[in-house]
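Here is a friendly note to read alongside the structure. Please keep the 3D view open as you go through the points.

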Amino acid sequence: MTAPTHSIFSIMIIFLFGLSFKDVGVFIILGSLLPDIDHPQSTIGRVFFFISHPINKSFGHRNLTHSLVLWIPVIILGSYLSQPILWVGVGAFSHLILDSWNVSGVGLFKPITDKIFVMAGKKYRVRVGSKQELIIMVCLVLVTLGSFHLNEVGGFRGLVRELIADYNIALKEYQKQGTKVCYMEGKIRHSNGRLEEGKWLIIGQNEYYTSLSLYDEKNNEVFSIYDDASFLRAHLRASEESWNTLKLKEPMEVAKGEVFYKISKDWHRATKGDYVLGNVVYLGEISLDVIEESNN
């Protein structure tokens, strides 16, 4: 396949699997072109001609650079050592998948074996630069455009999460967010049996691994999962904001703003005039005063 087809296919993979184009796009697209560096007339071969010519002279086209023997170790090493290397390897892997539809196929395990691997019979294989490849490229573009919204919900994995709407899955996603401000959206059953649908700010985890403290802005109260309510359906919504954090060893008084603080196992809300201690998180500006000791 030609460079545009490989590039579009790699972008489609990014969208379908809910990856961040900003974080991985350059590396996956580069990886999708890299195997053709063994061909001096390819797009990447012409750019890096000083590398392409020696490789082509030594190994020919669709040999070592088109083999999983090279790219699987790159993916494994990248997963441990460097994310950019990992995504380059993933892009290269996508290149081999597409090339397996070519008329000549790909030797996926060279130099271990010269066996050629193809995805379909001769009738359904595609010649490079042909009308059939153009049709495939147009189809890939349409799928890529159609998967843009899917990417916004996290790709296939995100779609499964949305359909299942399980609290424990949403909790695990929350635990990966670090200090990002997140919300839990869905349907809860209160301890008194009342059902409610809404969206609640996640303040933080409680003493127990599966329990969260949430802030109900409408009722101006903090409640706990599972002590005060439980989720029947839950979706995590992460924002671009991040919590500001403090750890106080001595009590202080809130002079300005709103904070949430954790003492012992649960989180609490504090505003002007309240005392806080322990782990503190807040948004915007706050002011804390030292509590002066009484002379009495």
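1. Two strands pair if DSSP finds at least two bridges between them, and strands (E, at least two residues) and helices (H or I, at least four) are DSSP runs numbered from the N terminus. This is a predicted model, in which local features need pLDDT of at least 70, side-chain atom pairs count only at pLDDT 80 or more, and totals for chains, interfaces and linings use all residues. Residues are numbered from 1 along each chain as its sequence is written, and side-chain values use heavy atoms, leaving out hydrogens and water.

2. Now look for the open sheet: five strands in the order 8-7-9-6-10, with antiparallel pairing. Its edges are strand 8 (266-270) and strand 10 (287-290), each pairing on one side only. Inside the sheet, strand 6 (residues 244-256) and strand 9 (residues 275-282) share seven bridges. In one of the pairings, M252 has V276 in strand 9 as its bridge partner.

3. Which helix packs against helix 2 (residues 21-33)? The partner is helix 6 (residues 83-99), at an angle of about 45° and with the axes 6 Å apart. Axes here are lines fitted to C-alpha atoms, for helices over the stretch in contact, and angles run from 0 to 180 degrees between N-to-C directions. Helix 2 is therefore oblique to helix 6; angles under 35 degrees count as roughly parallel, over 145 as roughly antiparallel, 65 to 115 as roughly perpendicular and the rest as oblique.

4. Helix 2 contributes residues including F27 and G31, while helix 6 contributes residues including W87 and G91.

Technical notes. Contact = heavy atoms within 4.5 Å.
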